[in-house]
Amino acid sequence: MEEGIAASYLAAYLHIDYKQFEVRESPDLALTFDNKMVGVEITTLRPSIYMTFPMDKPSKGQSIQAVENAVRKIIYECMLNLNLFDLTMQIELEPELYFGGIQVKKVKDLLKSSFMDIFANFSNDVVEIDSSKVLRSYKYGKHGYFLSVEFTCYPNSGFDKLIKNNFSVISDIIKFTFHGFFHPLPFWSIEPFIRKKEKKLTFYKNQNTNFQEYWLCLYLPETEYYFTIKGVKIPESFETSYDRIIMIQSKPPFCRGI
């Protein structure tokens, strides 16, 4: 399925008919382009799983989901302590917390202290949330690892009945904005996928002597909605055994070369 989607975008990028591709194995596609026989290997990028550690090494960090779930638990504890529930939150964290290999449990006290300070400011702005208050949002800027926190009040919403002793619903109450929605893929999260496929390139060449070039397509699926191929910075020293590497996603800019 994902290989077919990637191939469709690749065909549009190359300005060719999809039917010009020969679907096969090892590599995934074959085509004639600029009078050359080209073998195309497609691989799917999963950066959210490997955000804080390389694929080929033991885990030293946490995935995006792990970071956000850990922060949710900290905030949930604060909400229980303050008995304050009739609100939702939209939170933006420092990218360092995702990418820096920081274990959330090691900075839990700092996160809790920072959030309690933000909560104190919020409490000063809203003396109490009751039936006399209308729905309103309050946004606060950088404090510690929090880039921003926006509270929206829902007076007498009955959220306390949903939330108390039911952490499973907290993801509907506490949501995260990741660095303005889309973050350029860090190159170090891409390179392990490239190196892994380079190890197969010698085998491909031995099995398919008729190919004159080999391309690698890196497909970023919609499920990786935090990230974009736009703005990816490629080190000047980067070299690869592939003749061409193309990154693909289902939102603009759709395709770009490395």
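1. Two strands are said to pair if DSSP finds at least two bridges between them. Helices (H or I, at least four residues) and strands (E, at least two) are DSSP runs, numbered from the N terminus. In this structure, Ser137 stands opposite Thr152 in β6.

2. This is a predicted model, in which local features need pLDDT of at least 70 and side-chain atom pairs count only at pLDDT 80 or more, while totals for chains, interfaces and linings use all residues. Residues are numbered from 1 along each chain as its sequence is written, and side-chain values use heavy atoms, with hydrogens and water left out.

3. Strand β6 has two partners to consider. With β5, β6 runs antiparallel, joined by five bridges. These two strands form a hairpin with five residues between them, and Gly144 in the turn has a positive phi of about 65°. With β4, the pairing of β6 is also antiparallel, over seven bridges; here Ile91 stands opposite Val149 in β6.

4. How many of the eight residues of β6 are buried? Six of them are, and the strand is thus mostly covered. Buried means under 20% relative accessible area, exposed over 50%, and partly exposed in between (1.4 Å probe, protein chains only).

5. Helix α4 comprises the 18 residues 108-125. At 1.5 Å a residue, α4 should span 26 Å, and its end C-alpha atoms are 26 Å apart, which agrees. The expected span is 1.5 Å times one less than the number of residues.

6. The buried residues of α4 are Leu111, Ser114, Phe115, Ile118, Phe119 and Phe122. Seen down the helix axis, they fall within an arc of 140°, so they line one face of α4. The arc is that of the directions from the helix axis to the C-beta atoms. An α-helix has 3.6 residues a turn, so residues three or four places apart point the same way. On the face turned away from the buried side, α4 carries the exposed residues Asp109 and Asn124.

7. Against what do the buried residues of α4 pack? They pack against α2 (64-82), β4 (87-93), α3 (95-99), β5 (136-140) and β6 (146-153).

8. Helix α7 (residues 187-207) contains Thr202, and Glu198 also lies in α7. Thr202 is exposed, with a relative accessible area of 52%, whereas Glu198 is buried, at 15%. Glu198 touches Glu239, Thr240, Ser241 and Tyr242, not counting residues up to four places away in sequence; contact means heavy atoms within 4.5 Å. The C-alpha atoms of Thr202 and Ser241 are separated by 9.5 Å, although these residues are 39 residues apart along the chain.
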